[in-house]
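Q: I would like a close look at one part of the model shown here.
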Amino acid sequence: MLVLECGPDIVIIDAGLMFPSEDLLGIDLLIPDFTYLLENKDRVRGIVITHGHEDHIGALPYLVNALNVPIYTSKLTARLIAANWKHRSTRSKMDLREVASGEKVSFGTISVEFFPVCHSIPDAMGLIVHTPIGTVVHTGDFKLDHTPVIGEPTDLHRLALIGTQQVLLLLSDSTYVELPGYTPSEEVVADALDRIIAAAPGRVIIATFSSLISRIQQVVNIATKYKRSIVITGRSMENIVKVASDAGYLRIPPKTLSRCEQVQNLPPERIVILTTGTQGEPTSALVRMANREHPRIRIVPGDTVVMSATPIPGNEATVSKTIDNLFRLGANVVYGSASNAHVHGHGSQEELKTILNLVRPKYFVPVHGEYRHLARHALIAEQMGCPKDNVFLLDNGDVLELTATSGKVVGKVPASDIVANGLVTGALDTKMLRDRRMLSRDGIVVVSVALSSQTGELASPPEIVSKGFVDTRDSTELVSGAQKVATAVATRRPLPKRKSTMEARIREALARYLYEETHRRPMIVPVVTGLDSHDKE
């Protein structure tokens, strides 16, 4: 999410989500902190979305719940936003407005012009933002593919034209800045997929990103060429295929699609299966096939599985496990860069240099990617003649203030990670995460102590229940010892009248005992009944 502010007007560019890392246990999503926008909601004129990937549209249901302003985007992106909206069952109304390349929308002192860029999803757009003090160019996610399968190539002519006027600021995609040269065209993938499908003796199962509509179209074209039926499995793949087909971006010949339940009735050499699961997601269709858990499709010797994607950093281990499992089941798995079965959707170094050379901005801010990507992109800009003082590496929350003659970082706004579970949001609670890590590592022990409300004596022996710590059936001595420790604390005199004091004593005593016996530190939850928690000692 990027916020542009000029005088009394604020425009929001993109509102995406981030999927949590493995250490954020039980967290569904992370979204931007909207605090600054809510504090200035009367000045927000609208939201502009560059393309339909979740890291650019996923936070919209949460944002519009709090800030209902018009959303401007391309036709396909609008359809994907609407489908996502329906899926989340949010009650808020959405003012969604479709725009085409070349259109210009006014937001008070700010106007935004849209131009086409090539990316791994159709209908992606860059932005030319006109303000009273100068022009801002935002590339969105892009690459320079001159022969895209669907849609238009990146409009270099428009960028060259705007570059002949003094551009105040360029914000440019940095995601693949580490790769030298140029990103290959999507047509490279078509040749590779054609060879693979032509040579396959049985079923071909192609796993790719569900939003990679151009890749799906290529598979459809090649499958049709070899008279193979197409089966689509995976909820997100099925949803996007429907949206893209209805909107006219995906063309599937009649009678080409077959239902998943028909797989067993079709000759193996006449089937291509399109599926999700390239990142080893546990509930994805491909992973369920690899684990023999898919309700309709079982991997058999003779199947060819194509991993038409590269693992996102951090997913390598789960992807490798999936590939291993597929090989164990007898499949021939095609994967890795040598297969040419995938090209990514972002510009490599020479493409980023091309944009810098065409736009020739006064100030430059690298965007999108990890901090190391931004730093590498900043260095390239400096090597191409952009003064070091005019290149800004921004952290989340940084406020960059530009005038016609100067630029500097002048402060920060709130930008901590916000946790989203369903439609409920809140700040990232470090204590909650610490507790979850403890639970995941050493489990939980619950000890129930019932005292007589009249005499304060134990009404029955303490009960010990554990989850994720030890199997109580096989650890009778440990459980018996824990009961004795809890009993000793509960019968120690003088007896506290405050329940919280008794619970704290039990927790401390059990923690010492269990660590001495097991060298593990489970979460201990004492439950004491029979003491008034409101009385003072």
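Which residue in β4 stands opposite Ile12?

A: Ile12 stands opposite Ile47 in β4. The model is predicted, so local features need pLDDT of at least 70 and side-chain atom pairs count only at pLDDT 80 or more, while totals for chains, interfaces and linings use all residues. Residues are numbered from 1 along each chain as its sequence is written, and side-chain values use heavy atoms, with hydrogens and water left out.

The two strands concerned are β2 (residues 9-13) and β4 (residues 44-48), which run parallel and are joined by 4 bridges. Strands (E, at least two residues) and helices (H or I, at least four) are DSSP runs numbered from the N terminus; two strands pair if DSSP finds at least two bridges between them. Both belong to an open sheet of 5 strands, in the order β1-β2-β4-β5-β6, with mixed pairing. At its edges are β1 (2-6) and β6 (96-98), each pairing on one side only. From one strand to the next, the twist averages 25°, taken between N-to-C directions of lines fitted to C-alpha atoms, on a scale from 0 to 180 degrees.

Elsewhere, the structure holds 1 cavity of 30 Å³ or more, a cavity being a set of points on a 1 Å grid over the protein atoms alone where a 1.4 Å probe fits but cannot get out, lined by residues with an atom within 4 Å of a point. Of the 11 residues lining the largest cavity, Val445, Ile464, Phe469, Val479 and Leu514 lie nearest its centre. The helix α14 gives the most to this lining, with 3 residues.

Terms used:
1 Å grid on protein atoms, 1.4 Å probe; cavity = no way out; pocket = protein on both sides within 12 Å on 5 of 7 lines; lining within 4 Å. Points joined across faces, edges and corners; volume = space filled by probe spheres on them.
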